[in-house]
Amino acid sequence: MGKNTDDLRQKRRQQPIMDAFDRKILAELAGDSGQSYARLGEAVGLSAPAVHERVRRLRQSGAIKGVHAALDGSALGKPLLAFVHVEAAGWGKSERLMQVLRFPEVEEMHSVAGDASVLFKVRTASPQALEAFLSQIHAVPGVTGTRSYIALSTYLERPVQAGVTEIWPDMPLPE
């Protein structure tokens, strides 16, 4: 039997209790994480010290994982965006497969349900670079195949949103 890889997954923190102000603060920070507490306070209707305390609590709870710059793949010489579905014998997650995370082209890795075991989001410089990445995947013992989907256009790319849909419409969205 293979190695136990359960310890490779990070443990999730308990979900913090959030109110409407917390969600407004998170939405503002997702739009511009560099704004001052005073400007955040004006935007959400709280004082700067109150916002500072809420942001501290949200960081402590894990709701805010960090502050990141949004980089442009094309400007960095990596215009090709692909989603790679990895099919593997068994579950698919292994220490060797996790080693491909060292490549800066890998933006995301997910364990998924369906006909694939793992889903990678990768951004490469060229089709040849994607092919080199795929050769690394195929060299992993247990990998039986891959399917790659190359994005031709991106209409929406955004971080996790603070809002939650409380009530989903009974009817499909209007045309």
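This is a predicted model: local features need pLDDT of at least 70, side-chain atom pairs count only at pLDDT 80 or more; totals for chains, interfaces and linings use all residues.
View 1. The buried residues of α1 are D22, I25, L26 and L29. They lie on the same side of α1, because the arc they cover around the axis is only 100 degrees. An α-helix has 3.6 residues a turn, so residues three or four places apart point the same way. The face turned away from the buried side of α1 carries A20 and G31, which are exposed.

View 2. Helix α1 comprises 12 residues, 20-31, and spans 17 Å from its first C-alpha to its last, which is close to the 16 Å expected at 1.5 Å a residue.

View 3. Strand β3 (residues 118-124) is largely enclosed by the rest of the structure, because seven of its seven residues are buried. From β3, V118, F120, V122 and T124 point one way, while L119, K121 and R123 point the other way, and all are buried.

**View 4. Strands paired with β3.** Strand β1 (residues 80-88) runs antiparallel to β3 and is joined to it by seven bridges, with F83 standing opposite K121 of β3. Strand β2 (residues 106-111) is also antiparallel to β3, through five bridges, and H110 has L119 of β3 as its bridge partner. Six residues lie between the strands in the hairpin of β2 and β3, where G114 takes a positive phi near 125 degrees.

Note on methods. Residues are numbered from 1 along each chain as its sequence is written. Side-chain values use heavy atoms; hydrogens and water are left out. Helices (H or I, at least four residues) and strands (E, at least two) are DSSP runs, numbered from the N terminus. The expected span of a helix is 1.5 Å times one less than its number of residues. Buried means under 20% relative accessible area, exposed over 50%, partly exposed in between (1.4 Å probe, protein chains only). The arc is that of the directions from the helix axis to the C-beta atoms. Two strands pair if DSSP finds at least two bridges between them.
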